[in-house]
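Reader: Hello! Could you walk me through this model, with the cut-offs behind each term?

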Amino acid sequence: MLSRKLIGPVVLAAFLSTAIPAAFAFDDSKYPDWSGQWRVLGGNRWDPTKPPRRGQNPPLTPEYKAIFDASIADQDAGGQGNDMRYKCLPAGMPRMMTAIFPFEFVILPKLTYIIFENTLPRRIYTDGRDFDHWPKPDTEPSFIGYSIGKWIDEDGDGRYDVLEVETRHLKGPRAMDQSGLPVHEDNATIVKERLYRDKMNKQLFHDEVTTIDNAFTQPWTVKKSFRREAEDRDWYDNVCEEGNNYVGIGKEIYFLSGDGNLMPAKKDQEPPDLKYFKRSLKQ
C-alpha cells in the first residue's frame, strides 16, 4: 500500500502524463496542407501583373509621387534611391511577401509561421484573438509588424482553406519594392491578406494583399502567386551581408571594388569627405 506521503506525487505524475499530451495534441486534419517551399511568380516587383518601376502606376499622393520619381531618377544615375536593402535592412511588410527566395509555412494551433530563406520570419497569431487586439502604443514596432490571423473554412468541408491576416505596428524605412516605391514616413501602414492554395493546381499558392497607407490615395490591392519548388530542393544560407559591396558614407553610396578600393557608384560622383582620417600622398 502506498503511504499517504507518496499518494500526492503519484497522482500528480499520473495527471501530467495524461494532461501534457492532451495539451499538445494537434488535429492537423482541420488545417490545410501548405507544406513545401514556395517562390513568387512575376519577379521582383510589387504588382506582378504590371511592368516594373513607373509601370506599376501606384496610387500615390502628389507628395509621394515626387518622392517615387526622385528614387527612380537616382537609380537611373547609379544610386539606390529609396531602396534601403543595399544596407541589408529587412524588406519588411508587405514587401517581404514578394518572395524572390523560397519560404515555407509552419502551422500550429495558435500560431502560423512563415519562414523565409533570406529574411526574418513572420509570426501570425491564430489563437482566436480579434483584429482589434493590437500591442500597446508604446510597444516597439518592427519591420515585419504584428500580425493577427483568422482561419476560415470557406467551402464548409470541415477543413480550413483560407487564412485572413491583418498586419500593423510597423516601422521604417520600408519600400514596396526595389524601385524604392515609398510608403508614408508615419509608418501607419495596414496590410490585409487572404492566403490560400489554388483549388485547381496544388502547385500554386495565392496571397491577395491590400495595403492601406497614407502615401496612397486609396487602398492598393494586388494578387501575388507562388509556385511550389521541387521536393528535393535544399535550403541555403542567404545572408545579405555576405558579399555586400555597397558602402554608405553620409548621404552617399559608394561601391567596394574587388581589390578593396572605394569606387563611385554614380557618374561624376564626388569622393567622400575623409577629414577625420589621416591622409597620405601616393608617390
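Author: Gladly, starting with a definition: a residue is buried under 20% relative accessible area, exposed over 50%, and partly exposed in between, using a 1.4 Å probe and protein chains only. This is a predicted model, where local features need pLDDT of at least 70, side-chain atom pairs count only at pLDDT 80 or more, and totals for chains, interfaces and linings use all residues. Residues are numbered from 1 along each chain as its sequence is written, and side-chain values use heavy atoms, leaving out hydrogens and water.

Reader: Is Cys 240 buried, partly exposed or exposed?

Author: Cys 240 forms a disulfide with Cys 88, with an S to S distance of 2.1 Å (a disulfide is a pair of cysteine sulfur atoms within 2.5 Å). Cys 88 counts as buried at 12% relative accessibility. Cys 240 has a relative accessible area of 28%, so the class is partly exposed.

Reader: How many residues apart are Cys 88 and Cys 240?

Author: Helices (H or I, at least four residues) and strands (E, at least two) are DSSP runs, numbered from the N terminus. Cys 88 lies in the loop between α2 and β2, and Cys 240 in the loop between β9 and β10. The pair therefore links distant parts of the chain, and the separation is 152 residues.

Reader: What is the handedness of the disulfide of Cys 88 and Cys 240?

Author: The search of the whole structure finds one disulfide. The torsion about its S-S bond is about -80 degrees, so the disulfide is left-handed.

Reader: Which residues touch the most other members of the largest nonpolar core?

Author: A nonpolar core is a set of buried Ala, Val, Leu, Ile, Met, Phe, Trp, Tyr and Cys residues joined through side-chain atoms within 4.5 Å. The largest one has 37 residues. Elements giving two or more residues to this core include α2 (62–76), β2 (103–107) and β9 (220–228). The residues that touch the most other members are Trp 34, Phe 103, Phe 105, Leu 195 and Phe 226.

Reader: Which strands stand at the edges of the open sheet of three strands?

Author: Two strands pair if DSSP finds at least two bridges between them. The order is β10-β11-β12, with antiparallel pairing. Each edge strand has a single partner, so one side is left without a neighbour in the sheet; these strands are β10 (246–249) and β12 (262–264).

Reader: How many bridges join β10 to β11?

Author: The two strands run antiparallel, with β11 covering residues 252–256. Ile 249 stands opposite Glu 252 in β11. The number of bridges joining β10 to β11 is four.
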